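Please open the structure in a viewer and keep the selection tool at hand. The stops below are to be taken in order.

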Amino acid sequence: MPNISNQAATASQESAEKPVLAANGIEKRYESALPFVGQDVTVLTGADVSLYPGEIVGIVGENGSGKSTLMKILVGALRPDSGSISRHGTVGWCPQETLLYDRLTVAETFELFGEAYGLSADRVRRRRGELADRLDFERFLEYRIDHLSGGNRQKVNLAVALLHDPDVLLLDEPYTGFDWETYLAFWELAEDLAADGTTIAIISHLISERERFDRILELRDGRLHEQTEPPQARSSAHPGGE
Amino acid sequence: MGGVVTASRLRLTELARQPLTLGLLVALPPVVIELYGTSMESFPRLPTLGADPAVAGRLTGALFAVAFLAGLVGLFQVISAREGDERLAVAGFPHGRMLASRLVAMCVVALLGAVVSFGTLSYRVEVASPVLAFAALVLAAAIYGLLGVIVGTLVPRELEGSIVLVFLADFDNVLSSGLFSLTATVPVPFVGDVRVAETAPLYHPRELFTAAVLDGTLAGEHLAPIALWIVGLLVVAVLAYGRSTQGPTERLAGWSA
């Protein structure tokens, strides 16, 4: 596994820094819009999380525990009922579903999101080339999104989140549909980014390789609990207690 | 501004990649106009119609076709891209520019619908003032395009939104057609009592259109109400769309933890 020890060292050095993203006391309850239809669900009951520069954090939890809700709140796609969030730097969001425009090509998708991120056309082209090369989807740049396989669509979904080279990456089940080579390429990219100081939070309901993470937070009963079992290879010095 | 241009171009590209939609846009207006005209041929000449029944039918068909198609485009512009818009907004694309790009795309399609409807009508009916008649069709399309955006924002599901729009357009078309002479009045704030028919969104465009086609005159008294409709609907569309793209998943897609 490349760069793991370097990355852990970087993370340790930066642990004293302020968090790039911090959320405190996040509460969220979904209420049925109509009486007698559906039911109210309390998802988050005071979740706290702080993410520090250069660390890779796993967020785990059972199905329906509120992981995606938490991520949407962290990224600003959903308002919490209460609690506060502070972000210091740019955020990239890779949602669980590929929220893209089906009839646009991959290249057009980058052009549109480049506008959203405020990037110049040159920078969009450059970043698109880098990401397409890294995640191996160059030959699909002129394909429509709805003509891509699930795995390639997920690559584009991830690449859109990375387009503006964000300070914090929030990834919701990012490797769903990846083949083994792409999965490894994803981790290589994630570790390189973390080594450069990018903070990465990855949601997964199943984390099989704990050593890839600096910390693992479990969402349980609406709150985040740091798992005490230490990662094998990445001895992060980040304080837990989230 | 650059964002609006890029987004509008890409919205139109998306639309152009739906050949069925484009086909229907070209094929439906002639069918509707002819169906309305043919079905009203057997009607007696009513004093409230102001024209030969077949001609009145074709005028009604042209107006309905252009308005309803614009409404549908507005509706699906909002609904089909809802999730993508949510992500684009989170990525930093301003809501106002996003809506503007939707409206630009809707206007282009509405213009296309107006051209097809006007062409079909001109083939069958002698139009006294083509420019005014075409402008009236475009105004009707603008009103219904905005109504489509509003319905799509408030009822963000394809089936339910379409049903609402169908009933709205159908009711509006009948109410404003002059087929029924409704004398009842309703109070309208800042305006006073107006006849029920005059509250229909298509009423004023229809009067403008009819005068242009039959007499070649500009029924100027209807311009202000049309402008009021467009500005009012635009304000509602901006407010509704702005609200819907700020956390739409929470309200619309249900619970996805």
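Select B:Ser162, which is located in helix H7 (residues 158–176) of chain B; the model shown here is a predicted one. Is this residue, B:Ser162, buried or exposed? B:Ser162 counts as buried, because its relative accessibility is 16% and the cut-off for buried is under 20%.

A polar atom of the B:Ser162 side chain lies 2.6 Å from the backbone oxygen of B:Glu158. Next, display the residues around B:Ser162: with neighbours within four places in sequence left aside, B:Leu75, B:Phe76 and B:Arg157 are in contact with B:Ser162.

Remain in chain B and select helix H2, which covers residues 19–40 and contains B:Glu34. B:Glu34 counts as partly exposed, since its relative accessibility is 22% and partly exposed begins where buried, under 20%, ends. Which residues does B:Glu34 touch, not counting those up to four places away in sequence? They are B:Arg58 and B:Arg124. With B:Arg124 displayed, look at the two side chains: a polar contact of 3.0 Å joins B:Glu34 to B:Arg124.

Now move to chain A and colour its strands. Six of them, to be selected in the order E5-E6-E7-E3-E8-E9, form an open sheet with mixed pairing. Which strands of chain A are the edge strands? They are E5 (91–94) and E9 (223–226) of chain A, each of which pairs on one side only. Viewed along the sheet, neighbouring strands are turned against each other by 20° on average, direction ignored.

Within this sheet, select E6 (residues 168–172) and E7 (residues 199–203) of chain A. These two strands run parallel and are joined by 5 bridges. To inspect one of the pairings, select A:Leu170, whose bridge partner in E7(A) is A:Ala201. In general, strands of a sheet pair through backbone hydrogen bonds, either parallel or antiparallel.

Two helices complete the tour. Select helix H6 (residues 180–195) of chain A, which packs on the sheet and touches E3, E6 and E7 of chain A. The direction of helix H6 of chain A makes about 145° with that of E7(A). Finally, select helix H2 (residues 67–75) of chain A, which lies across E3 (56–60), E5, E6, E7, E8 (215–220) and E9 of chain A. This helix, H2 of chain A, runs at about 150° to E6(A).

How values were computed: Residues numbered from 1 in each chain as written. Chains lettered and ligands numbered in written order. Predicted model: local features only at pLDDT ≥ 70, side-chain atom pairs only at ≥ 80, totals over all residues. Heavy atoms only, no water. Helix = DSSP H or I, 4+ residues; strand = E, 2+ residues; numbered from the N terminus. Buried < 20%, exposed > 50% of the residue type's maximum accessible area, 1.4 Å probe, protein only. Contact = heavy atoms within 4.5 Å. Polar contact = N/O pair within 3.5 Å; in protein donor to acceptor, adjacent residues only side chain to side chain. Pairing = 2+ DSSP bridges. Axes fitted to C-alpha atoms, helices over the stretch in contact; angles between N-to-C directions.
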